[in-house]
Amino acid sequence: MNNNYEVRYASSPEAVKQYDTEALRNEFLVENVMTKDTLKWVYSHYDRYMVSGVVPVTKSIELESIDPLKSENFLDRRELGIINIGDTGTVTVDGNSYTLEHKEALYLGQGNKKVVFSSKSANNPAQFYLNSTPAHKAFPNKKIGINDVEVVELGAPETANARTLRKYIVNSVVDVCQLQMGMTTLKEGSVWNTMPAHVHDRRMEVYFYIEVPEDQAVCHFMGQPNETRHIWMANNQAVISPPWSIHSGSGTSNYTFIWGMAGENLDYSDMDTCKINELR
Ligand SMILES: O=C[C@H](O)[C@@H](O)CC(=O)C(=O)O
Ligand SMILES: [Zn+2]
């Protein structure tokens, strides 16, 4: 068994108001995402979103069903998004191999049975970041290369939020049931992501902070717009954002993050923007 899991229940905004630092971190922060030769899932009850990562080093790692799914195969009732943030790797799906270079992605639809992750080189392994959501229809598997993504430039250097957003898994690029994933890179000198912040009560979201330089950190902001909290985050850590919460961050340097979300709709632009000077 190379696959294990942890369940995170959903909390109400009223309950979260009372949380101290430790409680906030226990509920929302995922400290160890990229585990070597194992797949450790966090199964969130917000939209039943699942988050994991795997770094195959000494062997190939197979995707296994876990007990909360009560299904024979992991993808019997789910879809899966994979983004490789490491070196060259391969995902073999029922005998078909997809090679993923650094920052390439793969969408796997419902109904695939055997999924195996491997690295080309043990010295420079692949690092597969994984997000999964319930699915009710089988859409074709699709690799998304760096030229397939939709690129959006956001922010400005004057407001320290100049960043490039890349949409990988959105319904204009690949057919999906409810999963959306992409990557946002802050420009040098810019530190604020998703500012102005927003809420989308129709979708939960998970941020995975990467390329945070050693000895630097990202302060992630969550909570209702009039009742915010912060979580200090290190490189390669993820944070769960409830549908009622803002999700924004400021770093002590520039950095990159992968966002993933699911819920009521596939409309990326369905978000309620918060006025910066009204945040509390
Ligand atoms: O709902 C959308 C997500 O929060 C992110 O795509 C926002 C983001 O990457 C950014 O503004 O930098
Ligand atoms: Zn969002």
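Let me begin with a definition: two strands are said to pair if DSSP finds at least two bridges between them. Please bear in mind throughout that this is a predicted model.

With that definition in hand, consider strand E12, which covers residues 128–134. Which residue of E12 is the bridge partner of Ser52? The partner is Leu130. Strand E5, residues 50–55, pairs with E12 in the antiparallel sense, and 5 bridges connect them. Strand E7, residues 78–84, also runs antiparallel to E12, here with 7 bridges. In that pairing, Ile83 has Tyr129 of E12 as its bridge partner.

Ile83 leads us to the core. The largest nonpolar core contains 71 residues, and Ile83 is one of the five that touch the most other members, together with Ile169, Phe208, Tyr209 and Ile258. The element that gives the most to this core is strand E19, residues 203–210, with 6 residues. As general background, nonpolar side chains in soluble globular proteins tend to be buried together.

Leaving aside residues up to four places away in sequence, Ile169 touches Gly81, Ala105, Tyr107, Ile144, Val174, Val176, Leu179, Gln180 and Met181.

Turning to the chain as a whole, we find 2 helices and 25 strands. The radius of gyration is 18 Å, close to the 19 Å that the globule rule gives for 280 residues, so the chain is as compact as a globular protein of that length. The C-alpha trace spans about 55 × 35 × 35 Å along its principal axes. Of the 280 residues, 44% are buried. Among contacts between residues at least 6 apart in sequence, 73% join residues at least 24 apart.

Finally, the ligand. Which residues surround ligand 1? They are Leu154, Arg163, Leu165, Gly182, Thr184, Asn193, Thr194, Glu205, His247, Trp259, Met261 and Met271. By class, this shell comprises 5 nonpolar, 5 polar and 2 charged residues. Three strands each supply at least two residues of the shell: E15 (163–169), E16 (180–186) and E24 (256–263).

Thank you for your attention.

Terms used
Residues are numbered from 1 along each chain as its sequence is written. Chains are lettered from A and ligands numbered from 1 in the order in which they are written. This is a predicted model: local features need pLDDT of at least 70, side-chain atom pairs count only at pLDDT 80 or more; totals for chains, interfaces and linings use all residues. A residue is near a molecule or strand if its C-beta atom, placed from the backbone, lies within 6 Å of it. Helices (H or I, at least four residues) and strands (E, at least two) are DSSP runs, numbered from the N terminus. Ala, Val, Leu, Ile, Met, Phe, Trp, Tyr, Cys and Pro count as nonpolar, Asp, Glu, Lys and Arg as charged, and the others, Gly among them, as polar. A nonpolar core is a set of buried Ala, Val, Leu, Ile, Met, Phe, Trp, Tyr and Cys residues joined through C-beta atoms within 7 Å. A residue is buried if 20 or more other C-beta atoms lie within 10 Å of its own, exposed if 12 or fewer, and partly exposed in between; C-beta atoms are placed from the backbone. Two residues are in contact if their C-beta atoms, placed from the backbone, lie within 7 Å. The radius of gyration is taken over C-alpha atoms; the globule rule is 2.2 Å times the number of residues to the power 0.38.
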